[in-house]
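Have the sequence and the 3D view open as you read.

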Amino acid sequence: MDLVKWFIRAILAGMCIAIGGTVFIQTTVACGTEFKWVGAILFSVGLFAVLTYGFNLYTGKVGYILQNDRTYLVEVLVTIIGNFVGCLIVGYLFQFPMAEVMCQAKIDAFMAEGGIIDAVAKGVFCGVLMYIAVDNYKSKGSMLGTFICVPVFILAGFEHSIADMFYFSSAMMWNMDSFLFTLAILFGNMIGCCLIPAYRLYVNGEEKA
């Protein structure tokens, strides 16, 4: 396991998701919130690039922890750090007022009563959709899941931890609240990404890879 190369691929994945976040913000600003669906579709370019070039994205890797040994957890941790670095680079290069508005709304909801449960739940459902998209590509070589699942999680209001890392970086809003919010989404994404694999392994009786 070459962690340096793994880390570089994780940085590039974070940058790809940040590009998707950038076009989502720019499209929403230019076309208005009634055309948010356009930006949601274009956001898919991030996952498309990750899958095409084999970059390491947290929500593309964490769903396979049940099928790997403990050393895989190190790879997942390195992936999170690399994704954050990639988002940080793009976020600090491109700062959008809308990102600040979006992030403040996320924090306000998170700090409200029941906000933690709501955040984790949104992370879980995003994780399910991300696993479907990634596993569809891995098993069938099809990008169809990418261009369906990504717009769905955005339009449904679910939370993607790496995309949020970009938004907070672009808004320059990293503090204890945003850090805790991101941890909650990371946890929710992990649970969501592992639901279908858990079904396959322990309910459906499939063997580990």
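What follows is a short tour by topic, from helix packing down to single residues.

This is a predicted model, in which local features need pLDDT of at least 70 and side-chain atom pairs count only at pLDDT 80 or more, while totals for chains, interfaces and linings use all residues. Residues are numbered from 1 along each chain as its sequence is written, and side-chain values use heavy atoms, with hydrogens and water left out. Helices here are DSSP runs of H or I with at least four residues, numbered from the N terminus.

- Helix 6 covers residues 97-111, and its 15 residues should span 21 Å at 1.5 Å a residue; the end C-alpha atoms are 21 Å apart, which agrees. The expected span is 1.5 Å times one less than the number of residues.
- Its buried residues are Ala99, Met102, Cys103, Lys106, Ile107 and Phe110. They cover an arc of only 130° around the axis, which puts them on the same side of helix 6. Buried means under 20% relative accessible area, exposed over 50%, and partly exposed in between, with a 1.4 Å probe and protein chains only; the arc is taken from the directions from the helix axis to the C-beta atoms.
- Turned away from the buried side of helix 6 is a face with the exposed residues Pro97, Val101 and Met111.
- The partners of the buried residues of helix 6 are helix 1 (3-31), helix 7 (115-140), helix 9 (161-171) and helix 10 (176-203). Contact means heavy atoms within 4.5 Å.

**Two helix pairs**

- Helix 7 packs with helix 8 (residues 144-155) at an angle of about 170°, and their axes are 8 Å apart. That makes helix 7 roughly antiparallel to helix 8. Axes are lines fitted to C-alpha atoms, for helices over the stretch in contact, and angles run from 0 to 180 degrees between N-to-C directions. Angles under 35 degrees count as roughly parallel, over 145 as roughly antiparallel, 65 to 115 as roughly perpendicular and the rest as oblique.
- On the helix 7 side, this contact is made by Cys126, Leu129, Met130, Ile132, Ala133 and Asn136. On the helix 8 side, Leu144, Gly145, Thr146, Cys149, Val150, Val152 and Phe153 take part.
- By class, the contact of helix 7 with helix 8 holds 10 nonpolar, 3 polar and no charged residues. Ala, Val, Leu, Ile, Met, Phe, Trp, Tyr, Cys and Pro count as nonpolar, Asp, Glu, Lys and Arg as charged, and the others, Gly among them, as polar.
- The axes of helix 1 and helix 6 cross at roughly 100° and come within 10 Å. Helix 1 and helix 6 are therefore roughly perpendicular to each other.
- In that crossing, Phe24, Ile25, Thr28 and Val29 of helix 1 meet Met98, Ala99 and Met102 of helix 6. The contact of helix 1 with helix 6 divides into 6 nonpolar, 1 polar and no charged residues.

- Helix 3 (residues 45-53) buries Gly46, Leu47, Ala49, Val50 and Leu51. Their cover includes helix 1, helix 7 and helix 8.
- After helix 3 comes Gly54, with a positive phi near 70°.
- Helix 5 (residues 71-93) has 23 residues and reaches 34 Å from its first C-alpha to its last, close to the 33 Å expected at 1.5 Å a residue.
- Among the buried residues of helix 5 are Tyr72, Glu75, Asn83 and Val90. The buried residues of helix 5 pack against helix 1, helix 4 (58-61), helix 9 and helix 10.

**Residues to click on**

- Asp135 lies in helix 7 and is buried, with a relative accessible area of 10%. Not counting residues up to four places away in sequence, Asp135 touches Tyr64, Lys140 and Arg200.
- Asp135 and Gly60 are 75 residues apart in sequence and 8.4 Å apart in space, C-alpha to C-alpha.
- Phe147, in helix 8, is partly exposed at a relative accessible area of 38%. Not counting residues up to four places away in sequence, Phe147 touches Ile41, Ser44 and Phe48.
- Met172 sits in the loop between helix 9 and helix 10. Met172 has a positive phi of about 55° although it is not a glycine, and it is partly exposed at 47% relative accessible area.
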